[in-house]
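Please open the model in your viewer, with the sequence panel alongside, and follow the stops below in order.

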Amino acid sequence: MRSLEVLGVRVEMPTNKPIVLLKETDGSRFLPIWVGAAEATAIAYAQQGVEPPRPLTHDLIASLIPALGHRLTEIRISSLQDSYFRATLVFDGTIEVDSRASDAIAIALRTGTGLVTTEAILDEAGVTISGETGEDGEVAAEDEVERFREFLDHVTPEDFEGRQDEGPHEA
């Protein structure tokens, strides 16, 4: 399994669809996932530390987990089927629950749970965004997000031709 970090949410132009960008922690591939507006807002709120006046559904779920005596131990971006990412919430290391990837990401950010995916999913849907790296071979997070924004501003459906699936990857 490959560890992932959430870099941010952006609106893709010209479709105005929100997209969340994940990056493999120890690598150079990015995993763009198109998400719904509500999930994009939930992810952005969690990243920015915004607390809504009333708990969102993802806040409720994050509160329910320990209240019911469980621990969320891992979140896996587990499959890509018909252009949609699916995720698995792993509780107490053994209980697995199916989820939309966008909901799983929002919950991961609220609970501090690690995100992982398979090498196969990164091979199939991951993208590499070219650019300069520092002396240590790493790219600053701000630079990664800026390059991703530039990538989104110029990406076209033809850039994804040759992939096994058709259309954007939605969660």
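Predicted model: local features only at pLDDT ≥ 70, side-chain atom pairs only at ≥ 80, totals over all residues.

Residues are numbered from 1 along each chain as its sequence is written, and side-chain values use heavy atoms, with hydrogens and water left out.

Begin with the protein chain coloured by secondary structure, where you will find 5 helices and 8 strands (DSSP runs numbered from the N terminus, helices being H or I of at least four residues and strands E of at least two). Of its 171 residues, 43% are buried, meaning under 20% relative accessible area with a 1.4 Å probe, protein chains only.

Next, select residues 29-34, which form strand 3; because 6 of its 6 residues are buried, this strand is largely enclosed by the rest of the structure. With side chains shown, Arg-29, Leu-31 and Ile-33 point one way, whereas Phe-30, Pro-32 and Trp-34 point the other way. In a regular strand the side chains alternate between the two faces of the sheet.

A hairpin of 4 residues connects strand 2 to strand 3, and Lys-23 stands opposite Phe-30.

Finally, select residues 127-128, strand 8, which pairs with strand 3 in the antiparallel sense over 2 bridges; here Val-127 stands opposite Phe-30.

How values were computed:
Buried < 20%, exposed > 50% of the residue type's maximum accessible area, 1.4 Å probe, protein only. Pairing = 2+ DSSP bridges.
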